[in-house]
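Take your time with each one.

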Amino acid sequence: MALFELTIDDKPYTVDTDPSKPLLWVLREDLNQTQAKFGCGAGLCGACTVYVDDNLVRACAYPIATAAGKKITTISGLDDELAQKLKAAWLKYDVPQCGYCQPGFVLGAHKLLKKTAPDQTPNLNEVTNLCRCGTYDRIRQAVLDVHGQASQGS
Ligand code: FES
Ligand code: FES
């Protein structure tokens, strides 16, 4: 066991846990932070996606020791202008079905749009998350809508 200082959604936390424990389980079991979901547990589905600093990580395959001292952002703390536009678009296009995968998808879309220039088309294939309900078309519509707004500078 070891002590780790974490910043999650701009709030400080201290946790005493196994250094090899995946960040997802520290969030969910040790800190009762359930925003990131458990899907495959193998780094494949993206349900557990969070930002660690400016990088998207799959928290089920990311040891807590690697996250120590870094800024962790979950869907709850993702609140910049782009995130607000994405969340509004998710409502506009009624994207979620069961909703389980959607926190990870919003984070993936956020990262994608941050790096896509206004005159480029977002490459949605870069968001490799999985949705068992098959909401891909609505996700695509929402992301392209937000990118269109960004392209027009609104
Ligand atoms: S639960 Fe982490 S990638 Fe599937
Ligand atoms: S909305 Fe149900 S898994 Fe994606």
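Contact here means heavy atoms within 4.5 Å, and buried means under 20% relative accessible area. Please keep in mind that this is a predicted model.

Q: Which elements do the buried residues of H1 pack against?
A: Let's start with the residues concerned. The buried residues of helix H1 (23-30) are Leu23, Leu24, Val26 and Leu27. They pack against strand S1 (2-8), strand S2 (11-17), S3, helix H2 (64-67) and S5.

Q: Is Gln35 buried or exposed?
A: Gln35 sits in the loop between H1 and S3. Its relative accessible area is 16%. The cut-off for buried is under 20%, so Gln35 counts as buried.

Q: With which side chains does the side chain of Gln35 make polar contacts?
A: Leaving out residues up to four places away in sequence, Gln35 touches Asp9, Thr74, Ile75, Ser76 and Pro103. One polar contact of its side chain, at 3.4 Å, is with the side chain of Ser76. Another, at 3.0 Å, is with the side chain of Gln33.

Q: How far apart are the end C-alpha atoms of helix H4?
A: H4 (residues 102-115) has 14 residues, and at 1.5 Å a residue it should span 20 Å. The model agrees with this, as the end C-alpha atoms are 20 Å apart.

Q: Why is H4 described as largely enclosed, and which helices are among what covers its buried residues?
A: H4 is largely enclosed by the rest of the structure because 11 of its 14 residues are buried. Pro103 and Phe105 are among these buried residues. The cover includes strands S3, S4 and S5, along with the helices H3 (81-92) and H5 (136-151).

Key: Residues numbered from 1 in each chain as written. Chains lettered and ligands numbered in written order. Predicted model: local features only at pLDDT ≥ 70, side-chain atom pairs only at ≥ 80, totals over all residues. Heavy atoms only, no water. Helix = DSSP H or I, 4+ residues; strand = E, 2+ residues; numbered from the N terminus. Expected span 1.5 Å × (residues − 1). Buried < 20%, exposed > 50% of the residue type's maximum accessible area, 1.4 Å probe, protein only. Polar contact = N/O pair within 3.5 Å; in protein donor to acceptor, adjacent residues only side chain to side chain.
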